Amino acid sequence: MRWLHRLRHPLRRHEYRPGITGQRTPGSRTPAPRDTRSTRSTSAPHGRHRGRRNPRPRRLALTAALTACVSLTAVLLLRDHSSDDKDWGGSRPSTQGGRCAPTALLEPPCGAWFGAFVPHAKDDLPEKVKAYERQIGRPLDIVYTYHDMSLPQGERREGQLLTDEERRVGKDRLLLLSWESKVWGGTAAQQPTWKQIAAGDLDESVIDVQAERLKSYGKKVFLSFDLEMDTRTPASGTPEDYVRAYRHIHDRFRELGVTNVVWTWITTGYLGHADLIKRMYPGDDYVDWVAYNQYNYYQCHKAGWLSFAQTQQATHDWVRANISDEKPLMLSEFGTANDPTRPGRQADWYAQVPSVLKKLTGVKAALQWNYRDPGPHCDLAVANSRAWSSLRKAVSDPYLNQPLK
């Protein structure tokens with residue numbers, strides 16, 4: 001599946017691409033109705049207003065209108081300075097700590113999170129996220145970004161967990177950070193190996209610095225180390241090397257007092273790698289969420305058309321039987337190609353998402369991949385207005401609208 005062609009993931013090398021654009025419809029204001037009533041006084045003292053318009057009701061109406069204007073202005077000012085979510089014009093569900101509030105490991109008990117990877121340039125992540133949210137008519141629960149292991153002290157955003165833009169987005173959303181043992185754009189000699197990571201060779205220069213950055217952020221984040229690791233061996237090392245490297249990073253973070261990381265282990269989910277994936281599982285004590293990436297590629301890589309259920313069910317069942325029958329599961333990347341001969345086919349595919357998710361035991365998050373892969377016919381982004389409308393309806397399902405607090 002994705003392992004066939006994503007050994008050099010375009011976004012993981014930070015070859016930034018233009019993001020999705022959306023139309024924002026400004027809200028309209030309706031002025032307060034003007035009081036046009038004419039009231040004559042029948043009991044004005046000393047006859048001062050007899051036969052004249054009584055000024056008191058008019059004065060009261062003007063006072064009420066002024067109060068309303070002041071209140072509206074205050075609300076609009078608060079809106080302008082509040083969360084980015086207001087840009088899409090909705091409100092998040094809230095339980096004030098009720099039974100549907102997320103667990104300590106960010107698991108939503110009453111449904112599932114909805115998130116996405118949104119293409120963005122170096123410094124426009126907040127704007128691209130808001131544009132995507134306007135398209136789907138709701139806020140994202142999880143925003144997915146990628147980082148390498150270049151030195152985090154410089155200006156390169158690739159090596160910074162977190163960037164300033166991610167902090168802004170994370171104010172009102174959860175973040176999934178994919179951290180890869182690569183130096184994008186670097187030479188072969190600069191690429192870290194799992195043995196080096198496990199031996200602590202990168203602790204002082206990279207691992208400890210990133211641990212402190214995440215610790216200072218405070219808010220909990222999902223963190224993945226070397227997603228789709230089953231595509232990275234033998235170049236990065238053996239499966240056993242990967243497990244040791246993963247455990248070393250986990251333990252090093254714990255030693256440094258980092259308690260706000262939710263450890264997320266992401267594979268391709270490709271069952272041709274089943275034995276390899278089992279060997280690369282770090283163990284229940286080191287993993288909080290298990291995740292996988294499965295797609296309907298269709299003509300991309302000469303694949304046949306698969307429904308959303310067909311892309312997910314077999315991998316889900318295998319993970320439950322062979323990796324964990326209790327860890328929360330995440331569809332960390334899901335999506336579909338378009339069918340140029342049937343413009344409504346992608347829309348029909350997304351319409352299936354809520355009903356299928358409810359049947360996948362333990363799947364607590366689903367992240368749409370709104371981008372393309374290398375190769376002909378490999379554009380996995382939402383293709384047209386009909387597909388956007390279908391996705392919008394799908395993600396409005398109450399099951400996918402869970403409170404963040």
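These legends go with several close-up views of one predicted model.

**Overview. The whole chain.** Welcome to a predicted model, in which local features need pLDDT of at least 70 and side-chain atom pairs count only at pLDDT 80 or more, while totals for chains, interfaces and linings use all residues. Residues are numbered from 1 along each chain as its sequence is written, and side-chain values use heavy atoms, with hydrogens and water left out. The chain holds eleven helices and eight strands; helices (H or I, at least four residues) and strands (E, at least two) are DSSP runs, numbered from the N terminus. Of its 405 residues, 51% count as buried, where buried means under 20% relative accessible area, exposed over 50%, and partly exposed in between (1.4 Å probe, protein chains only). Among contacts with a separation of 6 or more, 79% are between residues 24 or more positions apart; contact means heavy atoms within 4.5 Å.

**View 1. Helices α5 and α6 cross.** Two packed helices are described by the angle between their axes and the distance between the axes. Here, helix α5 (residues 203-217) packs against helix α6 (residues 239-255) at an angle of about 55°, and the axes are 10 Å apart. Axes are lines fitted to C-alpha atoms, for helices over the stretch in contact, and angles run from 0 to 180 degrees between N-to-C directions. The pair is therefore oblique; angles under 35 degrees count as roughly parallel, over 145 as roughly antiparallel, 65 to 115 as roughly perpendicular and the rest as oblique. The crossing of α5 and α6 is right-handed, meaning that the near helix is turned clockwise from the far one by less than a right angle. On the α5 side you will find Asp203, Ile207, Asp208, Gln210, Ala211 and Leu214, which meet His248, Ile249, Arg252 and Phe253 of α6. By class, this contact of α5 with α6 has five nonpolar, two polar and three charged residues. For these classes, Ala, Val, Leu, Ile, Met, Phe, Trp, Tyr, Cys and Pro count as nonpolar, Asp, Glu, Lys and Arg as charged, and the others, Gly among them, as polar.

**View 2. Gln210 in helix α5.** Gln210 lies in α5 and, at 0% relative accessibility, counts as buried. Leaving aside neighbours within four places in sequence, Gln210 is in contact with Pro152, Gly159, Gln160, Leu161, Trp179 and Phe253.

**View 3. Helices α2 and α11 meet.** The axes of α2 and helix α11 (residues 385-394) come within 8 Å and cross at roughly 85°. This angle makes α2 roughly perpendicular to α11. Tyr132, Arg134, Gln135 and Ile136 of α2 touch Trp388, Leu391 and Arg392 of α11. Sorted by class, the residues of this contact of α2 with α11 are four nonpolar, one polar and two charged.

**View 4. Salt bridges.** Side chains of opposite charge can pair when their charged atoms come close. A salt bridge is a side-chain nitrogen of Lys or Arg within 4 Å of a carboxyl oxygen of Asp or Glu, and by this rule the count comes to 14.

- Glu127 pairs with Arg168, with the closest N and O atoms 3.6 Å apart. Glu127 sits in helix α2 (residues 125-136) and Arg168 in helix α3 (residues 164-170), 41 residues apart. Glu127, at 37% relative accessibility, is partly exposed, and Arg168, at 41%, is partly exposed.
- Glu133 pairs with Arg173, with the closest N and O atoms 2.8 Å apart. Glu133 belongs to α2, while Arg173 is in the loop between α3 and β3 (174-179), 40 residues apart. Both Glu133 and Arg173 are buried.
- Arg157 and Glu165 meet at 3.2 Å, N to O. Arg157 is partly exposed at 24% relative accessibility, whereas Glu165 is buried at 10%.
- Asp203, Asp208, Arg252 and Glu255 are linked in a network of salt bridges.

**View 5. Asn260 in a loop.** Asn260 is placed in the loop between α6 and β5 (261-267) and is buried, at 4% relative accessibility. Asn260 and Leu214 are 46 residues apart in sequence, with their C-alpha atoms 7.6 Å apart in space. Beyond neighbours within four places in sequence, the contacts of Asn260 are Leu214, Lys215, Tyr217, Gly218, Lys219, Lys220 and Val221.

**View 6. Arg232 in a loop.** Arg232 lies in the loop between β4 (221-225) and α6 and counts as buried, at 8% relative accessibility. Arg232 and Ser181 are 51 residues apart in sequence and 9.9 Å apart in space, C-alpha to C-alpha.
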